[in-house]
There are 2 protein chains.
Amino acid sequence: MPDTRPQPGPAAGPDGFSVSTGPLPSSRKVHLPGTLHPDVRVAMREIDLEPSSGEPPVRVYDSSGPYTDPAAAIDIRRGLPPLRAAWIAARGDVEAYPGRAVKPEDNGRRSTDRGADLPPFDRADRPVLRGKAGAAPTQLAYARAGIVTPEMEYVAVRETLGRRQAAARAADGESFGAALPPVVTPEFVRDEIARGRAILPANINHPESEPMIIGRNFLVKINANIGNSAVASSVAEEVEKMVWSIRWGADTVMDLSTGRNIHDTREWIIRNAPVPIGTVPLYQALEKVNGVAEDLTWEVFRDTLIEQAEQGVDYFTIHAGLRLAHIPLTARRVTGIVSRGGSIMAKWCLAHHRESFLYERFADICALCRTYDIALSLGDGLRPGSIADANDAAQFAELETLGELTKVAWDHDVQVMIEGPGHVPMHKIKENMDKQLALCGEAPFYTLGPLVTDIAPGYDHITSGIGAAMIGWFGTAMLCYVTPKEHLGLPDRDDVKVGVVTYKIAAHAADLAKGHPAAQERDDALSRARFEFRWRDQFRLALDPETAERFHDQTLPAEGAKSAHFCSMCGPKFCSMKISQDIRDAAAASDGMADMAERFRAGGGEIYVRE
Amino acid sequence: MPDTRPQPGPAAGPDGFSVSTGPLPSSRKVHLPGTLHPDVRVAMREIDLEPSSGEPPVRVYDSSGPYTDPAAAIDIRRGLPPLRAAWIAARGDVEAYPGRAVKPEDNGRRSTDRGADLPPFDRADRPVLRGKAGAAPTQLAYARAGIVTPEMEYVAVRETLGRRQAAARAADGESFGAALPPVVTPEFVRDEIARGRAILPANINHPESEPMIIGRNFLVKINANIGNSAVASSVAEEVEKMVWSIRWGADTVMDLSTGRNIHDTREWIIRNAPVPIGTVPLYQALEKVNGVAEDLTWEVFRDTLIEQAEQGVDYFTIHAGLRLAHIPLTARRVTGIVSRGGSIMAKWCLAHHRESFLYERFADICALCRTYDIALSLGDGLRPGSIADANDAAQFAELETLGELTKVAWDHDVQVMIEGPGHVPMHKIKENMDKQLALCGEAPFYTLGPLVTDIAPGYDHITSGIGAAMIGWFGTAMLCYVTPKEHLGLPDRDDVKVGVVTYKIAAHAADLAKGHPAAQERDDALSRARFEFRWRDQFRLALDPETAERFHDQTLPAEGAKSAHFCSMCGPKFCSMKISQDIRDAAAASDGMADMAERFRAGGGEIYVRE
């Protein structure tokens with residue numbers, strides 16, 4: 001069978017504006033309609049299997065946006081279509097306004113220094129929005145008011161892959177108190193958001209995003225971090241990092257840029273992002289005071305929040321839980337403070353011997369987030385950076401403060417999640433989850449790893465993937481990826497892919513173990529393909545079809561090997577699956593194994609029945 | 001500082017006989033003496049740190065044998081020195097005998113067909129040994145008789161890295177009923193072996209092996225599988241696979257060769273192996289009957305056991321637990337029988353409609369193993385090959401039989417461990433461990449992974465590494481590695497390394513979580529190096545120093561960057577560790593953070609104390 005699959009490649013476009021497009025192997029983009037909101041069209045992916053399988057296409061959750069849709073016209077100079085613009089406008093609680101003028105320092109430049117600049121994105125046709133005076137245009141406020149928004153229905157359809165009935169077979173699992181419904185309804189989504197147990201990050205200035213939800217009663221999500229390099233060589237390079245991350249499954253992307261052109265880079269990313277974009281505004285604020293932590297002020301920070309809010313950032317990481325009195329608790333740590341935001345704020349607090357302005361101004365921050373529906377991700381500035389420091393007094397003192405701040409955010413109708421560690425040995429992971437749930441009123445947990453050992457630099461996607469799978473099972477709603485370059489350097493394109501795929505593994509393993517009603521369908525489809533030697537179907541159903549096929553072809557590149565009943569690992573004579581099939585064929589020809597199994601069970605399950 | 005480290009490379013020797021030798025970076029081989037047995041000299045590795053650290057060398061467990069010792073003269077044509085020969089002889093319970101003559105079919109050849117052969121290893125100076133009539137020269141028999149063998153003392157020194165006192169700090173951990181002693185004494189080793197809770201695989205015909213132990217009250221071990229290719233191009237290539245595996249940390253190696261030259265390959269490997277070698281004798285037996293499972297007989301199988309016993313195989317995987325009546329239980333499985341040995345035996349049982357000869361002849365197998373001190377690894381022929389089949393009736397019915405066979409082995413003074421799955425979602429892993437402990441009287445568990453999802457071919461070292469870390473924590477004594485090529489093809493050299501390192505991560509994470517008294521010392525040393533920007537020490541202390549250094553150097557290759565107080569991930573301005581150090585320096589210059597921490601605690605732990 002000839003390989004006629006479209007190959008991923010850059011979108012058509014002038015030089016410097018092309019990114020990776022095209023479907024994954026044997027995949028089609030489908031759009032499922034809403035019921036309450038007929039204009040809701042939820043994008044997902046269907047994987048077509050070999051006709052010989054007799055199986056229907058396998059539908060999978062798809063975070064890749066229009067980039068994998070051959071029917072979509074991709075032009076990053078125009079940005080993605082504003083999917084949610086009409087929904088936002090229809091609610092009648094926001095207004096357009098001129099917005100803050102971009103300043104040279106937003107891009108890390110003195111006014112006299114133009115440098116090698118990115119061209120600014122032309123946002124002419126997208127107004128800057130804010131909530132009208134007194135309005136709370138947040139998904140949390142709507143949910144509390146009993147309103148099921150189109151965003152909520154989008155999420156409901158997305159989480160169930162369009163399923164309206166419970167899965168044929170009840171999944172087993174141990175959910176540790178999570179309550180995964182047989183079918184996610186729009187009302188369930190609303191209720192979870194209203195309770196603060198889930199967030200739907202959706203800045204009113206980021207109408208291009210496809211709604212998604214983060215909460216422990218939904219599929220476990222993953223985040224990929226990207227960040228610009230010191231000198232941006234092209235616009236596409238910056239946008240491509242985001243497109244590449246979501247192609248392999250990132251559910252949200254954090255732009256952690258710290259260099260120059262930071263404002264323009266972010267604008268290009270957001271306008272082209274179908275996923276929520278998060279940032280750590282403190283990084284940009286620090287750039288504006290030339291990297292001198294002591295020179296940070298509330299005014300500079302607030303101005304940065306407004307700048308990013310107007311651009312459309314969907315969630316802000318804010319390290320407001322690190323208080324002056326916590327800092328001495330880190331004195332005897334092996335690795336001190338390892339959060340960038342945390343160390344910056346600790347330095348500020350000590351230099352001024354004052355309480356953190358993020359803590360003192362937290363209500364003001366919430367008021368601002370409320371105006372744009374920006375979710376808060378409360379940063380764990382005191383997360384442990386080594387096994388030795390896990391679950392220590394500093395970490396848990398901060399977590400307690402994060403619980404206090406969670407309630408403040410909720411009082412302002414602001415959606416909020418909590419960031420977690422870090423480096424934690426396996427036996428201390430569950431305590432993190434349990435404390436977070438108890439102290440933060442079940443607000444979603446968003447963890448980095450955790451890494452279960454310190455001794456494997458170069459393999460920290462794996463040391464952290466182990467911890468991520470476990471904490472995802474225990475109840476973490478979103479896992480922040482770690483790449484093989486962690487602790488060593490800036491990840492490249494391959495590292496990003498390996499990091500994302502590793503975290504998709506962790507998230508999916510967690511879904512299986514929690515007993516998500518439909519998670520096992522893809523495992524079963526792939527295992528059937530494996531048992532029936534449908535090699536192409538195995539590749540198609542894999543999280544990374546390209547790598548699976550490449551590895552197979554390293555030893556058996558011939559086209560015929562794609563239907564051979566063995567691989568090079570064991571060869572034809574020793575393939576257990578082949579022998580196992582031979583056994584079934586033989587048994588089917590005689591009295592039949594299933595029948596034998598019945599007789600075995602009928603005989604009281606005695607191991608050996610003489611026949 | 002110039003890099004003067006010895007580089008790994010082939011040993012001096014004529015073409016076709018060279019393998020990887022040389023120490024790992026900044027490492028020295030040290031030998032610690034026994035007390036009861038002064039001729040015991042236990043090899044381990046010491047990693048020297050930068051003089052600036054002011055820290056002593058870090059001593060680590062070392063499975064790599066003489067190959068990493070520059071003082072050792074490596075010549076694979078002569079094999080390794082017979083370390084244990086005098087100990088074996090001194091016990092006076094074995095005798096030399098001519099042994100079985102090698103037959104052409106041992107190497108997969110008809111007598112008229114010589115083909116492209118390996119030269120046979122010249123074993124002239126190593127007699128073939130067996131237990132004298134009535135004698136039981138097994139470590140289990142010695143342990144039960146109260147004898148502490150040199151092998152047992154070797155293990156005691158090795159497990160404690162020469163420590164004779166409890167670690168300075170008591171480790172926390174959750175051991176699920178394992179009882180890790182503060183210090184492993186020779187008597188403790190003897191007692192664990194006597195109880196059947198640990199095995200010390202040490203065929204009297206493999207005197208070259210350095211004693212090691214497998215049991216849940218010891219460090220978690222890992223196994224690497226190797227196997228010859230269809231046409232062997234050189235002797236060194238075969239031996240090199242074993243040397244390469246142990247260089248990165250494999251504690252035992254299984255030779256799963258199935259092609260030609262299977263006898264000669266094994267001889268070369270065993271004579272040069274400082275680790276126990278395991279095999280699945282059924283594979284060779286099947287070769288002898290031209291791959292036709294139905295033609296297998298007890299006589300062919302027994303002859304193969306003797307052949308391999310005389311060569312020095314340390315443990316046999318035998319699928320004696322798969323019984324005729326179990327087979328129908330697999331009828332409705334998604335992936336049937338996925339164990340090669342299991343499928344071969346199932347085919348035999350069904351073809352003859354007879355009980356498995358491995359089960360029926362199990363006492364004879366034990367009697368044979370007793371004569372040579374070969375440990376049994378009871379194979380799980382019905383392990384699940386997919387998430388759907390995990391923990392099913394077939395799997396657990398076989399496990400029950402394995403428990404029954406364990407007691408038979410013990411009755412014969414034969415050491416025994418139990419093989420485990422396979423593909424298991426996270427929430428079903430612990431049940432495997434609990435059932436194994438209960439059914440098999442705490443005999444050591446030896447698991448393949450388990451893989452926690454089926455959907456990531458190309459990344460199954462990771463899907464299985466997650467499960468391996470968890471089941472290692474729960475009590476599995478040895479983890480069989482899985483490479484990235486699993487399910488897709490034959491692993492190459494890079495795959496083997498990635499598989500071994502991934503499993504060293506899993507095993508070490510398990511040791512940490514179980515509360516092994518000294519496991520965290522390496523994590524702490526690496527974390528201190530990280531906090532103090534001793535880049536070279538980070539590389540040296542890493543499980544894979546070469547990859548760590550290469551990743552770092554991809555973005556910061558300059559020599560000066562090895563002492564820079566940042567890496568390319570965050571750059572100098574945003575390095576939290578640097579800022580954290582600045583904070584400490586500043587605090588030390590004023591009233592001091594430790595002092596502040598004291599005052600905080602003295603104040604009753606109130607989070608915010610106004611000063």
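Q: Is F533(B) buried or exposed?
A: F533(B) is buried, with a relative accessible area of 5%. Here buried means under 20% relative accessible area, exposed over 50%, and partly exposed in between (1.4 Å probe, protein chains only).

Q: Before we go on, what should I know about the model and the numbering?
A: This is a predicted model, where local features need pLDDT of at least 70, side-chain atom pairs count only at pLDDT 80 or more, and totals for chains, interfaces and linings use all residues. Residues are numbered from 1 along each chain as its sequence is written, chains are lettered from A and ligands numbered from 1 in the order in which they are written, and side-chain values use heavy atoms, with hydrogens and water left out.

Q: What about phi of H353(A)?
A: Phi is positive there too, near 40°, and H353(A) is a residue other than glycine. H353(A) lies in the loop between helix 9 (340-352) and helix 10 (357-360) of chain A. With 38% relative accessibility, H353(A) counts as partly exposed.

Q: New topic: which residues does a cis peptide bond join?
A: One such bond joins P421(A) and G422(A), with omega about 5°. Another joins G449(A) and P450(A), with omega about 10°. G422(A) is in the loop between strand 15 (416-420) and helix 13 (429-439) of chain A, while P450(A) is in the loop between strand 16 (445-448) and helix 14 (460-474) of chain A.

Q: And N272(A), where does that lie?
A: In chain A, N272(A) lies in the loop between helix 6 (262-271) and strand 12 (277-279). N272(A) is buried, at a relative accessible area of 1%.

Q: Which residues does N272(A) touch?
A: Leaving out residues up to four places away in sequence, N272(A) touches several residues, including Y67(A), D75(A), F121(A) and M242(A). Contact means heavy atoms within 4.5 Å. The side chain of N272(A) also reaches the backbone oxygen of W268(A) at 2.9 Å.

Q: Let's switch to the two chains. How many residues does the contact take from each?
A: 124 residues come from chain A and 124 residues from chain B. Together the chains bury about 10,600 Å², 69% of it on carbon and sulfur atoms. Buried area is the accessible area (1.4 Å probe) that two parts lose on being put together, summed over both.

Q: How many salt bridges are there between chain A and chain B?
A: The count is two. A salt bridge is a side-chain nitrogen of Lys or Arg within 4 Å of a carboxyl oxygen of Asp or Glu. D172(A) and K428(B) meet in a salt bridge through their side chains (2.8 Å, N to O).

Q: How can chain A be laid on chain B?
A: A turn of 180° and a shift of 0.0 Å along the axis does it, with an RMSD of 0.0 Å. The two copies are thus related as by a two-fold rotation axis. Copies are superposed by least squares on the C-alpha atoms of residues with pLDDT of at least 70 in both.

Q: Which residue of chain A comes closest to the rotation axis?
A: That's I466(A), at 2.4 Å (C-alpha). The same surface serves both copies, as 100% of the contact residues of chain A recur in chain B.

Definitions and conventions:
Helix = DSSP H or I, 4+ residues; strand = E, 2+ residues; numbered from the N terminus. Polar contact = N/O pair within 3.5 Å; in protein donor to acceptor, adjacent residues only side chain to side chain.
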